[in-house]
Amino acid sequence: KSVFSNLKSQPADALLELIALCREDTRENKIDVGVGVFCDDQGHTPVMRAVKAAEIQLIHEQNTKSYLGSAGDIEFFLRLIPVVFGNDFKDHERLSGLQTPGGTGALRLAFDLIHAGNPNADIHYGNPTWVNHLQIIANTGLNSISHPFYNREKRQIDFDAVLDDLKQVKRGDVILLHGCCHNPTGCDFTFDQWKALSEVISQKGLLPVIDLAYQGLGDGLEEDVAGLRWLSQQVDEMIVTYSCDKNFGLYRERTGAIFVLSQNAESRKIVQSNLIASTRTHWSMPPDHGAAAVRIILENEALYDSWQTELNAMQQRISGNRQSLAKADSYFAPLLQQKGMFSILPLSPEQIKKLRIENAIYMAPSGRINVAGLTPTTIDPFVKAIQKVI
Ligand code: PMP
């Protein structure tokens with residue numbers, strides 16, 4: 001009997017299916033708020049100027065394609081530390097980590113590491129979360145448990161429910177948090193909420209895993225990690241999974257990193273050896289190009305400034321779209337309190353389908369929209385189409 005005949009067909013990824021549908025749609029007025037990539041005023045996802053310059057430099061300078069090793073570009077990793085943890089970060093002796101293929105690769109390593117350390121740890125997450133979180137956790141063999149997070153009626157975080165739930169979890173469990181620009185809701189914790197969370201996390205001895213995939217696209221590079229940095233000072237152990245794919249516009253180059261804070265230098269060594277062992281059975285070594293470009297940007301003051309300026313403009317464009325929507329109709333008012341590319345519109349599957357068929361508007365089945373997918377010419381027809389279905 002064939003090995004393949006035992007396979008069960010897997011459900012298609014709803015969002016990837018939507019992307020294909022949108023691509024096939026030949027209507028000129030189509031509006032894509034489904035796919036999760038940043039778009040400029042022309043609806044185009046650009047290569048950032050600093051990235052282009054770094055790539056050109058890389059082409060000229062690089063004289064070998066020989067292996068770099070399982071940790072990838074070490075200088076890339078080291079240069080990212082102050083971006084994430086701040087210039088005054090001092091805990092290098094207990095920080096391990098390495099370059100990964102995107103934030104997804106970092107998440108895979110994070111949950112592998114947790115599974116290797118404690119296969120009975122439950123992973124607690126606020127509902128809803130990025131769907132791939134749950135698939136990755138399940139693939140590593142760990143159990144995940146949801147708690148209430150997003151209140152669909154109020155279109156905001158139900159923080160009391162989050163705290164109440166965390167107080168019930170067992171010691172040694174894991175809490176998965178979005179560092180900023182929550183996907184899919186756009187609802188981020190306030191700094192005071194991060195402080196309250198930190199207290200429960202450290203009291204209960206929970207291991208926080210912070211998924212940081214959109215640094216700079218919420219309120220700014222520093223502002224977006226204020227909560228994460230606070231938490232990192234209250235706990236002995238913490239994992240950060242990082243993606244450069246949005247804030248450097250490197251999506252297909254698969255650029256990310258994992259950072260693990262452990263109790264001391266000794267545990268750091270053991271954690272690092274486990275991370276390396278894990279990469280060997282997944283991808284052996286991460287792809288170089290994207291991380292090399294980021295490293296060049298972080299090494300060069302002028303390129304760093306250019307990157308920061310362009311990232312700020314991207315962030316401004318997203319919050320500008322949020323303001324335009326809220327100004328056009330109070331239905332969109334909650335979007336002003338939300339951050340980053342995503343928000344959820346309270347629409348039924350029928351309404352979402354109607355928008356696609358009648359108006360060529362493509363959004364995720366959950367009602368999640370990519371605010372950055374709207375342009376000055378599409379905002380108005382988008383608002384009118386929504387007004388018609390609600
Ligand atoms: N975490 C979240 C919350 C995301 O939205 C994404 C990207 N959609 C990732 C992680 C993974 O990013 P990458 O493309 O770098 O693997």
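How closely do the axes of helix H7 and helix H8 come, and at what angle do they cross? In this predicted model, local features need pLDDT of at least 70 and side-chain atom pairs count only at pLDDT 80 or more, while totals for chains, interfaces and linings use all residues. Residues are numbered from 1 along each chain as its sequence is written.

The axes of H7 (residues 191-204) and H8 (residues 226-234) come within 9 Å and cross at roughly 25 degrees, with axes fitted to C-alpha atoms over the stretch in contact and angles running from 0 to 180 degrees between N-to-C directions. H7 is therefore roughly parallel to H8, a label for angles under 35 degrees. Phe191, Trp194, Lys195, Ser198, Ile201 and Ser202 of H7 meet Ala226, Gly227, Trp230, Leu231 and Gln234 of H8, contact being C-beta atoms, placed from the backbone, within 7 Å. Six nonpolar, four polar and one charged residues make up this contact (Ala, Val, Leu, Ile, Met, Phe, Trp, Tyr, Cys and Pro count as nonpolar, Asp, Glu, Lys and Arg as charged, and the others, Gly among them, as polar).

Overall, the protein has 13 helices and 13 strands, which are DSSP runs numbered from the N terminus (helices H or I, at least four residues; strands E, at least two). The C-alpha atoms fill a box of roughly 60 × 60 × 55 Å along the principal axes.

Terms used: Parallel < 35°, antiparallel > 145°, perpendicular 65-115°, else oblique. Contact = placed C-beta atoms within 7 Å.
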